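Hello,

Here is the structure I promised to pass on. Please have a look at it first, and then read my notes below.

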Number of protein chains: 2
Amino acid sequence: MGQERREAPGRVLVGQLSSRVGERVRVCGWVQTLRLQRRMQFVVLGDESGAVQLTNRREVRPGLDEQIDALTVGSAVALTGTVVDAPQVKLGGIEVLVDAIELVSTAEQPLPIAETTNPDRRLDWRFLDLRGPRQHLPFKVGDLLERRMRAFLFGRGFTELHTPKLMGAASESGAEVFRVDYFGSSAYLAQSPQFYKQMAIAAGFDRVMEVGPVFRAEPSFTSRHATEFTGLDLEMAWIDSVDEVMRLEEELLAEAIAGVRDGLGQQVEEIFGIDLVVPATPFPRMTLADARRQLVQAGWRPGERASQDLDGEGERMLSRLVADRFGHQFVFVTDYPVSVRPFYHMRPANDPTVTSSFDLIWNGLEVTTGAQREHRHDVLVAQAAEQGVAPEPIRHYLDCFRYGCPPHGGLGIGVSRLLMKLLDLPSIREATLFFRGPNRLTP
Amino acid sequence: MGQERREAPGRVLVGQLSSRVGERVRVCGWVQTLRLQRRMQFVVLGDESGAVQLTNRREVRPGLDEQIDALTVGSAVALTGTVVDAPQVKLGGIEVLVDAIELVSTAEQPLPIAETTNPDRRLDWRFLDLRGPRQHLPFKVGDLLERRMRAFLFGRGFTELHTPKLMGAASESGAEVFRVDYFGSSAYLAQSPQFYKQMAIAAGFDRVMEVGPVFRAEPSFTSRHATEFTGLDLEMAWIDSVDEVMRLEEELLAEAIAGVRDGLGQQVEEIFGIDLVVPATPFPRMTLADARRQLVQAGWRPGERASQDLDGEGERMLSRLVADRFGHQFVFVTDYPVSVRPFYHMRPANDPTVTSSFDLIWNGLEVTTGAQREHRHDVLVAQAAEQGVAPEPIRHYLDCFRYGCPPHGGLGIGVSRLLMKLLDLPSIREATLFFRGPNRLTP
């Protein structure tokens, strides 16, 4: 036995081994732990789908003992063996009795990071930092979340488009943009698909969405900021009011979170100890003025930069207040004043000092900004002038409103921030595959 | 009649009107044509879903005649009316008898472009250029194509990840990269997710994919090049050979094209006169050396830049040759020489002068590049040195192969190029929402 030539079976994922008891299988993965005893050798091998114990009784198969003794933690190996029941083994009550093993790629020792290594150095070795089910799960959840959001939006008549990230002029808002050398001239990185999704509406698309990178040249070092992150943007034509956008978003999030719970809720519970809660709709709504009033009553002291807005502390306090009062994790804050929103926001007819806009705050973190846009060319031009926005750099944008453009509105969701909140991650770094910040461009 | 106050009904898309005969509806869209006669007024109104004739008999409703007379082509209007059968009307055999109309957004006259306007000026007014079902269809098809590709890949165990577009060092290949001002230093725009998807494999993800923008700072002005386009990239661990990647791709494309045919085949037939053909699998395969030999026999004279490769003319001739011989639109060209592929390609054990690589050519256009990657650290370092690639800028990449990395391979698909071929579009500009080229950064 073990000497006869046998055809190597096809690879089986570790997560599927429990249904293959009694069969000879091929398994591929990483060495997680080694326990090399005088008579027995035990290896825990992991792949994306799980971990399993490999077992070898010494002195049965010539050469195999030495191959296993030579393994190092982290090495990639392919092996064949027989799956057997092993009730004493904690990893699923099975083990694989190895008959042949191939060391495919050796891991140098020691590994450059350990559990205790500081977070910044772990980011230097992000591919090692990412190994393991706890580190993979946020990306599995993110993937499923996006799939469910897409499915919901396709069902509501949205078309996914791809808008350019290279722009000829710095885009709309006050946020800093990155400049790019462009064949002897300059381009700028889009800090949102805002203008382009509106152009798509002017081009006759009824409802459009996009998942893609957005770039913010802000020197922010908080746990919730990144210079590049994934945004989900959408825009819808022929809305009656901004409330239509909010209603869409609350249904979108409720359905997407329900989808994640159905697909990965058990893993989230096991690994993060979190019971995913599908939010009830409608979400609570509060005007910014009202929110600020209540926060001040509750002891909030807005900093200078939040004299007409909310700051991080205000957002956190507001969520606690909403949780107490409504038992809800989400709150739409509406009617931001004209002074803190870009010129292209529509203003309600009955109060020109505010905008038909909202932020969505989830457990203390802003995860969405949305609004109805001004589609009347003359009003838009006047609002741009009023806010000191020069018309020439945004000429192509303004032109969209000269040849027939319906009322429309939309929103932008920070997908990594959704993930942070869903899994209660302490930093956006853990919700991002390869984080980008002012001091972080590698790996 | 017409004077009593009635609740405005909810909006109905034009494409759904044929099922609403006899009902009073609200319709929103753009004025496509106006025919204002002495006794009757006819308006063709279009939205994303179709076009319909609106009809008004003059002197029935006070004020309505004048409102319709004041319309301009391109204007956005919302109206209510009753859907009636009208067998004489070519647009679906129905019309809407208008009872009230609101001019929401007036289109200035004349429109700045017409059917006959040259393509470059049409791009200046892309939002107008994009109006209409023929212009929308490529994006509807692209959306569906991506959805079907995602569905296929999720079914095969792929996880969608988002890799950074901002890199700390110029990335791997010879292609020129864009430099970005980054807080007083430099960043570079990723010209592919290559390194990052490989890092994800080294991080223990089994199969990964991404749809996102890729950037190429090449001053190319052909109909098939853009400085920014959408790529679908994927990478899979534990492959036995590059053939596994090719087998995946042919199944992926066959299923995705079948999905597009099922969902939009009729519209593609009606608007583009194209009968979508689902390609048979497996696709023909040919080594580059063999392809070059046969092309030269057929009269191909490679230019200087194609002394070891194929040029555009070679790709077109090859597809004609394959179509004649195999009756197939696709051909995998394999075994590209080491000299024309980046250092990280694996080389087959029996011929170190070539790489385990392929291009996929569809009807004369390269739509994919793929390969098995070298995962052995020592071999990789030697190959980088051999090709003159300095180790320091790619240190983070090379490090991925020091701590256990399985064999893996993958590919990158140009999604806009797929669209070009699927719909036989003359230029990538028509398969791109807002084209970017060396001379084109607007709108």
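Which residue of chain A does B:Arg402 meet in a salt bridge? The partner is A:Glu108, with N and O 2.8 Å apart. A salt bridge here is a side-chain nitrogen of Lys or Arg within 4 Å of a carboxyl oxygen of Asp or Glu.

Some background before the rest. This is a predicted model, in which local features need pLDDT of at least 70 and side-chain atom pairs count only at pLDDT 80 or more, while totals for chains, interfaces and linings use all residues. Residues are numbered from 1 along each chain as its sequence is written, chains are lettered from A and ligands numbered from 1 in the order in which they are written, and side-chain values use heavy atoms, leaving out hydrogens and water.

**How the two chains meet**

**Salt bridges within a chain**

Over all chains, the structure holds 66 salt bridges. In one of them, A:Arg440 pairs with A:Asp124 at 2.9 Å, N to O. A:Arg440 lies in the segment after helix 11 (415–423) and A:Asp124 in helix 2 (residues 119–124) of chain A, so the pair ties together parts that are 316 residues apart in sequence. Helices are DSSP runs of H or I with at least four residues, and strands are runs of E with at least two, numbered from the N terminus. A:Arg440 is buried at 7% relative accessible area, whereas A:Asp124 is partly exposed at 28%. Buried means under 20%, exposed over 50% and partly exposed in between (1.4 Å probe, protein chains only).

In chain B, B:Arg347 forms a salt bridge with B:Glu386, the closest N and O atoms being 3.2 Å apart.

**Chain A as a whole**

Chain A has 11 helices and 16 strands. Of its 443 residues, 58% are buried.

Best wishes
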